[in-house]
Amino acid sequence: MNISVITDVDIQERGISTPEDFLRSLAGVTTPGGSRYFSFRGLNTSSAQRSSGTTSTYVDEVPGEVMNIFDIERIEVLRGPQGTLFGSGTTGGAVQLITKRPDAVFGGNVKVDMADYDSRRLSGAINVPLSDNLRSRFAFASLKRDGFVTNNYDGEMLDDRNTMAGRAS
């Protein structure tokens, strides 16, 4: 089994904000369907490359799909059969995102990124210790961006983004 780990420091330094950002940086990983559909070592049971088929994504060991990467402690990429750990659908491998856990100290962070096409990304998190044994953490992310492809038929700008995500733990 081959494992790659991307830490929160790597995520910050590389500017990783979508699954496609880190998947394309790993050897043996292809993303024929962008960040939604990927395969390890060419293993894919979907002839149209429209589903991962042999790979799965998990957030804190819960199956799901990830569109925004925020408040992540580390990303684990496990290549090879993972049926013992994750069940069927992981013959090619699995991607597991481990979120940051609540902290015993009150505090937080906010990050603002601005870029071309009026792109604005806002993310942050706050730790709120409720007692010695009970802690909470709230995290959020938002991305707004204008389109940058012009539809020749009606002149409308395409490929804009307007996403919001949040998590409480």
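## Aromatic pairs, pockets and an open sheet

The count of aromatic pairs comes to 2. This count, like everything that follows, rests on a predicted model. In one of these pairs, the rings of Tyr117 and Phe148 have centres 5.2 Å apart and planes at 40°, and because an angle between 30 and 60 degrees counts as neither stacked nor edge-to-face, the pair is tilted. Tyr117 belongs to the loop between strand 8 and strand 9, while Phe148 belongs to the loop between strand 10 and strand 11 (149–150), so the pair ties together parts that lie 31 residues apart in sequence. As for accessibility, Tyr117 counts as partly exposed at 47% relative accessibility, and Phe148, with a relative accessible area of 37%, is partly exposed as well.

Another ring takes part in a contact with a charge: the charged end of Arg167 sits over the ring of Phe70, 4.8 Å from its centre. Phe70 is also named in the description of the pockets, being one of the residues closest to the centre of the second largest pocket.

| Pocket | Volume | Lining residues | Classes in the lining |
|---|---|---|---|
| Largest pocket | about 570 Å³ | 21 residues | 6 nonpolar, 7 polar, 8 charged |
| Second largest pocket | about 400 Å³ | 24 residues | 9 nonpolar, 8 polar, 7 charged |

In the largest pocket, the residues nearest the centre are Thr18, Arg121, Leu143, Arg145 and Arg161. Two or more lining residues come from each of helix 2 (19–23), strand 8 (107–115), strand 9 (119–129), strand 10 (135–145) and strand 13 (161–168), and strand 8 gives the most, with 3 residues. In the second largest pocket, Gln12, Ile69, Phe70, Lys111 and Ser123 are the closest to the centre. Here helix 1 (8–14), strand 8, strand 9 and strand 10 each supply at least two residues of the lining, with the largest share, 5 residues, coming from strand 10.

A further part of the model is an open sheet of 5 strands, arranged in the order 1-6-7-4-5 with mixed pairing. Strand 1 (2–7) and strand 5 (62–63) stand at its edges, and because each has a single partner strand, one side of each is left without a neighbour in the sheet. Within this sheet, strand 6 (residues 72–79) and strand 7 (residues 93–99) run antiparallel and are joined by 7 bridges, and Ile72 has Thr99 of strand 7 as its bridge partner.

Conventions: Residues numbered from 1 in each chain as written. Predicted model: local features only at pLDDT ≥ 70, side-chain atom pairs only at ≥ 80, totals over all residues. Heavy atoms only, no water. Pairing = 2+ DSSP bridges. Helix = DSSP H or I, 4+ residues; strand = E, 2+ residues; numbered from the N terminus. 1 Å grid on protein atoms, 1.4 Å probe; cavity = no way out; pocket = protein on both sides within 12 Å on 5 of 7 lines; lining within 4 Å. Points joined across faces, edges and corners; volume = space filled by probe spheres on them. Nonpolar A, V, L, I, M, F, W, Y, C, P; charged D, E, K, R; others polar. Phe/Tyr/Trp six-rings, centres within 6.5 Å; stacked < 30°, edge-to-face > 60°. Buried < 20%, exposed > 50% of the residue type's maximum accessible area, 1.4 Å probe, protein only. Lys NZ or Arg CZ within 6 Å of the ring centre and 35° of its normal.
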